[in-house]
Every structure is written in structure tokens, then in C-alpha cells.
Amino acid sequence: MSYIKRFFYGVLIGVASIAPGLSGGTIAIALGFYEHLIHAIANLFKQFRKNFLYLLPYGIGGFISVACLSVVINYFFIHHPLPTNTLFIGFIIGTLPFIWKKLKGSLDSGRLRVSHGLTATAFLAVVLIPVFVKGSAGGGSSLISADPRAVILLIGIGMIAATTLVIPGLSGTMILTSLGYYKPLLFIASTFVTAVVTLDMQTALRQLIFIVPLGAGVVMGVFFTAKLVNLLFEKIPAYVYSAIVGLIAATPIVMLADAAKAEADLSLLNSAVSLAALVIGLLLVRRLGEN
């Protein structure tokens, strides 16, 4: 795979990482490079030069897309929640045929077992739980301070976000939303990017108090989780893919519930745009998966 293609895929992973409901791991599986990516991360220090150079364009692309899109996505989720959510829902649903194909290919007997179905159901339930306990979330305001406890908390949140980046089908931003930390983090990222663009270095440096520990948590989380996921794919791939199917199936439900609470404009035009966004998301993933 060329450097440019890996850079572009890194951009897509960055988009999936910052948009609620999407999973960078799911995108990687749909486009056929997930297992290579996880293997390189899990074995980074065994062949450091080779794996580092392989991962570098993914990292650059992901960083650039997160930086550029934090402001844009924040705007669209605030002002156009339904069309934005349906676009990403189309993206999510469009990955299911690719995951299903992977699941069938990983079966030893060629047949699904009851245990595979139970695994998918259990992980579907895990994702849907935040929908019913969302009222208890809301600790995100504690991040907007320079308190040492907030720094430790940011490292922990970074590790959680990294875990969901590595595990396909599990959206880190969706988990952060349910815990009440997504909007504060999006605000920090948006403020940092805006400050850099406007050359307001004082404000940009203040945001680094939050960004540096968060980034450290992400790096640690990605490395340790990648080792575990790599082992699971080697030992029980069918159950891993079954879990992913359950996670992906639940995500659109969570996103629609969130959009329904935020959207006040249910006009014919807005509904039509939302439907078109859903179709575009489906077609885009299908097209990318064929390349």
C-alpha cells in the first residue's frame, strides 16, 4: 500500500475518531487494512523502523483530519444534527456487509453457532446501555480546569478513547458522549485549532495543558489494546467479528436517539436532506470498500 493511500486512510480514521458513532477500527476493517495496522502497532518495538514508517502516514493523516474537522464537525452537529447524524449512520450501516463477510470467512465449520449470536447480542446491549443511563452522565465540565486531578482524568479518558479506536465497531466519541466528556474535548480541540490559525499562541498553549495528557493516554491505550486485540484475532476471530457485528448494529440506534433530542427542525426539506445524507454515507463506504 502506497504512502499516499495510507495517509488518506489515516484521514478517514481521524474523521471516524472525531465523529460520534463512527469507529476508526470499523473503517479499517471495511477497507481491508485493519489486521495489518493492529499487527504493526502490537509489534512496534520488534521491528521499530519498519513498523514506524508503516504507521507514520496513518498518524499524520489522522492528526491533520482531527485538527481540521474538530471545528467543522462541532458546527454541523450543533446546527444540523439530523442530516449530520444520518450521514454517519449511512457510513456505519455500509460497513456491515464487509464485517459479515469477514465473520463468515473466520468460521471453522462454515456455520454460525448460538454462541456467536449470544456474543453479538451481548455487545449490542453494552452499546445500548448509555441510551438508558444518559441522564447520569455529565462530568465533562471538570475537564475545563488545570487541576492535577483533571490531568490524571484526561490520561484515563485518552486510554478509553484509544481502546475504542482499536476495537472495531466501538465508537470512542459515542462512549465519551455518554460519559459527558465529548463536548468539552471537542471544545478544547476546536479552541486550540482556532487559536493556532489566528496566531493566538497564548490561548493555544493553555489548551496544551489538556491536549498533552490526553494524547499520552491515547498512545498508551492504543499500544496495550492493540496487543490484546491482535491476540484475540489469532485465537478466536469468529467471536471477535460477532462482537463487532453487535457493536455496529447498536450504534445507529444510539445516534438517532441523540439526534432526535437535538433536532428541532423536522421539516420536509430537512428530512429529505437527512435521507440523502444517509444514502451518500452508504454509497461512500461501499465505494471505498471496493478499492
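Rings of Phe, Tyr and Trp, the last taken by its six-membered ring, are counted as a pair if their centres lie within 6.5 Å. By this criterion, the structure, which is a predicted model, holds six aromatic pairs. Phe8 and Tyr9 form one of them, with 6.3 Å from centre to centre and 40° between the planes, an arrangement that is tilted. The two residues of this pair can be set side by side: Phe8 is partly exposed, with a relative accessible area of 39%, whereas Tyr9 is buried at 3%.

Tyr9 also pairs with Phe33, and here the rings are stacked, with 4.7 Å between centres and 10° between planes. This pair links distant parts of the chain, 24 residues apart: Tyr9 belongs to helix 1 (residues 3-18), while Phe33 sits in the loop between helix 2 (24-30) and helix 3 (34-42). Phe33 has a relative accessible area of 1% and is therefore buried, the limit being under 20%. Ring pairs join Phe8, Tyr9, Phe33, Tyr54 and Tyr58 into a cluster.

Buried positions in helix 1 are Arg6, Tyr9, Gly10, Leu12, Ile13, Gly14, Val15, Ala16 and Ile18. As background to such lists, an α-helix has 3.6 residues a turn, so residues three or four places apart point the same way.

Attention now turns to how helices pack. Two packed helices are described by the angle between their axes and the distance between the axes. For helix 3 and helix 4 (residues 48-79), the axes come within 9 Å and cross at roughly 125°. The crossing of helix 3 past helix 4 is left-handed. On the helix 3 side, His36, Leu37, Ala40 and Ile41 take part in the meeting, and on the helix 4 side Asn51, Tyr54, Leu55 and Tyr58 do.

Gly90 is placed in helix 5 (residues 81-105), and its relative accessibility of 0% makes it buried. Between Gly90 and Val279 lie 189 residues in sequence, yet their C-alpha atoms are 6.2 Å apart in space. Apart from neighbours within four places in sequence, Gly90 is in contact with Leu278, Gly281 and Leu282.

Ile167 is found in the loop between helix 7 (148-166) and helix 8 (172-179). Ile167 counts as partly exposed, with 26% relative accessibility. From C-alpha to C-alpha, Ile167 and Val229 are 7.2 Å apart, with a sequence separation of 62 residues. Once neighbours within four places in sequence are set aside, the contacts of Ile167 are with Ser23, Tyr34, Thr225, Val229 and Leu247.

Across the whole protein, the secondary structure comes to 12 helices and zero strands. Of the 291 residues in the protein, 46% are buried. Among contacts between residues at least 6 apart in sequence, 81% join residues at least 24 apart.

Terms used:
Residues are numbered from 1 along each chain as its sequence is written. This is a predicted model: local features need pLDDT of at least 70, side-chain atom pairs count only at pLDDT 80 or more; totals for chains, interfaces and linings use all residues. Side-chain values use heavy atoms; hydrogens and water are left out. Rings of Phe, Tyr and Trp (its six-membered ring) pair if their centres lie within 6.5 Å; planes under 30 degrees apart count as stacked, over 60 as edge-to-face and the rest as tilted. Buried means under 20% relative accessible area, exposed over 50%, partly exposed in between (1.4 Å probe, protein chains only). Helices (H or I, at least four residues) and strands (E, at least two) are DSSP runs, numbered from the N terminus. Axes are lines fitted to C-alpha atoms, for helices over the stretch in contact, and angles run from 0 to 180 degrees between N-to-C directions. A crossing is left-handed if the near helix is turned anticlockwise from the far one by less than a right angle, and right-handed if clockwise. Contact means heavy atoms within 4.5 Å.
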